[in-house]
Amino acid sequence: MFQVRTDLALEAREKFEEDNVEIKGVRLDEEQVTPEIHISSVMIETENGAKVMGRPKGSYVTLEASNMMEEDEGYHREISVQLSRILKRLLPDKQDFTTLVAGLGNRAVTPDSLGPRVVDNLCITRHIINEFGKYVIGDNCQKSVSSIVPGVMAQTGIESMEIVRGIVKETKPDVIIAVDALAARSTRRLNRTIQVTDTGINPGSGVGNHRHGLNGESMGIPVIAIGVPTVVDAATIVIDTMNNLLEAMCHAKQLRQLGHSYDELDLVEKYDLVHELLTPQLNTLFVTPKDVDEAVKRLSFTISEGINMALQKDEKKEEE
């Protein structure tokens, strides 16, 4: 059976809602921060919930912003503030901790270059703190931050997990923040959604490249993953188009019966039908928006700013 490809836990849960299936051990909380920014938290609390969802137990926080593609610095600043607020809930609850940020992906492939570009914009402080002490940094970026862009296995011949694990063994950070591009099920979430999870990440899983995961089990320390969906598969494009077409057909008297017949299929049945109809050359095709270069550039600044803010020193804790 054809599997719907998505890295977003929120989309995986929505699939069960469409099928009117309730999942025990999976909880959803929602918050409308502003008219344009919506935050959804999917908590997988039991092994049964993890098995049904096909994801490890943990928290999956999804920040959706309808205008994330807009060139509005003030709006992106608000997204960064909300991202930092989410990260602070997942980061270690102590004043001084060290962080390794891993920018996953291929810098040479634009839709997959989010991780490396985020690292380019980070405030890196580990070398300065080690040499001169933390007080030389000033008020911002007080915590020790290091970074690595491990590349992809086709470039290095080494798994990203192996590279990051070697660095963890040598530098001994307290937490890892891994940033990567994701795949979505819905075109409306492309470059408009940020997912943050405390369960780590499996590089390349969204496009069918199964690699060893970066998670607490493989690294020995907590791993927080940040991702933005930059691609969808061809079947998703066809499904969205057919849904719009059939919705219009249902309003036409002569075509109403055909529209209702297709509408009776559930999502997986629709994907199976589309997958059967697509040629072998198209059913492995992944699509990205034409302005993905500008979108990734803009979002890399937004995410790096959110990480920088989350890793600044907490004045209140410092005073205490």
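Leaving aside neighbours within four places in sequence, which residues is Arg 165 in contact with? Two names: Ser 218 and Met 219. Keep in mind that this is a predicted model.

Arg 165 sits in helix α7, which covers residues 160-171. Its relative accessible area is 39%, so Arg 165 counts as partly exposed, since that class lies between 20% and 50%. Now the partner. Ser 218 is 53 residues away from Arg 165 along the chain.

Next, the helix itself. α7 has twelve residues. From first C-alpha to last, α7 spans 16 Å.

Which residues of α7 are buried? Ser 160, Met 161, Val 164 and Val 168. Seen down the helix axis, the buried residues of α7 fall within an arc of 90 degrees, so they line one face. An α-helix has 3.6 residues a turn, so residues three or four places apart point the same way.

What does that buried set pack against? Three elements: strand β4 at 99-103, strand β6 at 175-183, and helix α8 at 216-219. Turn to the other side of α7. There, Lys 169 and Glu 170 are exposed.

Last, the end of the helix. Lys 172 follows α7. Its phi is positive, near 55 degrees.

To recap. Arg 165 is partly exposed, and it contacts Ser 218 and Met 219. The buried residues of α7 line one face, and they pack against β4, β6 and α8.

Methods. Residues are numbered from 1 along each chain as its sequence is written. This is a predicted model: local features need pLDDT of at least 70, side-chain atom pairs count only at pLDDT 80 or more; totals for chains, interfaces and linings use all residues. Side-chain values use heavy atoms; hydrogens and water are left out. Helices (H or I, at least four residues) and strands (E, at least two) are DSSP runs, numbered from the N terminus. Buried means under 20% relative accessible area, exposed over 50%, partly exposed in between (1.4 Å probe, protein chains only). Contact means heavy atoms within 4.5 Å. The expected span of a helix is 1.5 Å times one less than its number of residues. The arc is that of the directions from the helix axis to the C-beta atoms.
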